[in-house]
Amino acid sequence: MARVNDHYLKLRSSYLFSEIARRVRAFQDAHPDARLIRLGIGDVTRPLAPAVIKAMHAAVDEMARAETFKGYGPEAGYDFLVELIAKHDFGERGVTVSPDEIFVSDGGKSDSANIQEIFAPECVVAIIDPIYPVYLDSNVMAGRAGAARDDGRYDRVVYLPCTVENGFEPPLPERHVDLIYLCFPNNPTGAVLGRAALRRWVDWARREGAVLLYDAAYEAYIRDPEIPHSIYEIEGARGVAIEFRSFSKTAGFTGTRCAFTVVPKDLMGRDGAGQAVSLNALWFRRQSTKFNGAPYVVQRAAAAVYTDEGRREIRSAIDFYLENARIIREGLEAAGLRVYGGKNAPYIWVKTPPGLGSWDFFDRLLGQAHVVTTPGAGFGPSGEGYVRLTAFGRRAETEEAVERIKTRLAR
Ligand code: PLP
């Protein structure tokens, strides 16, 4: 028998979603007439924008003709798409990112999971807690996390707790770390970081020689003009940060798959001899070895997001989800709950009532309101005491879920 990668055995089982499914099934078996509303999932419900569909159809037709058929494309994305990204996502915000610093991919999940491959196994990783679990698990798989402890943490990972006490803003690490995963607007807390907070991180990373791995998958949900959309809006960030973006939540591409990662050319790591090495060159080498490019049809669809029509349409879909977020936030506040996030993010982070843990409150919402949420503890130890609701649902169901929580939840 071939020896397996032992690090995989250190992963905690995907307890969260299987346990949610188990509890939901048990509830449904006991209450077959109950109509459940799921506000736990992080997937969108609205269809692709008409401009996107039109571009996709046209690209499919191109694939049908010998003269316009496309085989393998450039590993880092077609020029037509990276140029639009550079101009609209960055140029319009006063940020210079050149097309050859942009790497188009099939997802923010794969990019944020794969990026750790270009760093040494001994690099020390910090993650904010609670957080999207991919950053941690990909480092566990690579052997960088160390051993799992009884308290739910790994012994080589530095956890940066984001709690109500610090306004869900991660504290700077108290020791040297090499890589820090930041995600703003945040999944799951819905928190955002302003310019001063981001500047603290950039300055810290410059002092420490650390790299910020900045996940901006939800930047399109920012409505407050004071909140930066890109880490590169902060002076000096090009020398310390990699940024992940995705069309998934921006334009409903969760099932279509397109994202991109920015690795500035000024961003350097060092080799074993202390010589500077370009991270842009390493990531290009990694992608061109292991990835053959996002599909042409999908990249044409993504490019349509930047047309006037596409921008109007995706803006309206995001406004729709943000209105759901408002309905949830205000409704739950009216129900007497303490509610965070949901203003510049599609996630609403709800404090459990006194004495109830994440799973207790999950059970109560399921049992009394027939609403499925996600227990905060599934996103990290500091998520205990919260549940996450998402704004990606259908309007009528969102309204009904809120109404049920308001009227049925025992105070
Ligand atoms: N980053 C964060 C913070 C997410 O919450 C998600 C999805 O839920 C992703 C990335 C994944 O995005 P994609 O669909 O592009 O893989």
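**View 1. One chain, two domains.** The protein chain splits into domain 1 (8–47 + 309–408) and domain 2 (53–307), with bounds taken from an automatic or database domain assignment. This is a predicted model, where local features need pLDDT of at least 70 and side-chain atom pairs pLDDT 80 or more, while totals for chains, interfaces and linings use all residues. Residues count from 1 along each chain as its sequence is written, and side-chain values use heavy atoms, leaving out hydrogens and water. Between the C-alpha centres of domain 1 and domain 2 there are 26 Å. In contact (heavy atoms within 4.5 Å) are 35 residues from domain 1 and 46 residues from domain 2.

**View 2. The area hidden between the domains.** Buried area is the accessible area (1.4 Å probe) that two parts lose on being put together, summed over both. Here domain 1 and domain 2 bury about 3400 Å² between them, and carbon and sulfur atoms give 57% of that. On the domain 1 side, Arg-12, Arg-311 and Asn-344 lose the most area to domain 2, together 20% of what that side buries.

**View 3. A salt bridge up close.** Three salt bridges are counted between domain 1 and domain 2; each takes a side-chain nitrogen of Lys or Arg within 4 Å of a carboxyl oxygen of Asp or Glu. Look for Arg-223 and Asp-319, a salt-bridged pair whose closest N and O atoms are 2.8 Å apart.

**View 4. Helix α10 at the contact.** With nine residues, α10 gives the most to the side of domain 1 that touches domain 2. Helices here are DSSP runs (H or I, at least four residues), numbered from the N terminus.

Key. Helices (H or I, at least four residues) and strands (E, at least two) are DSSP runs, numbered from the N terminus.
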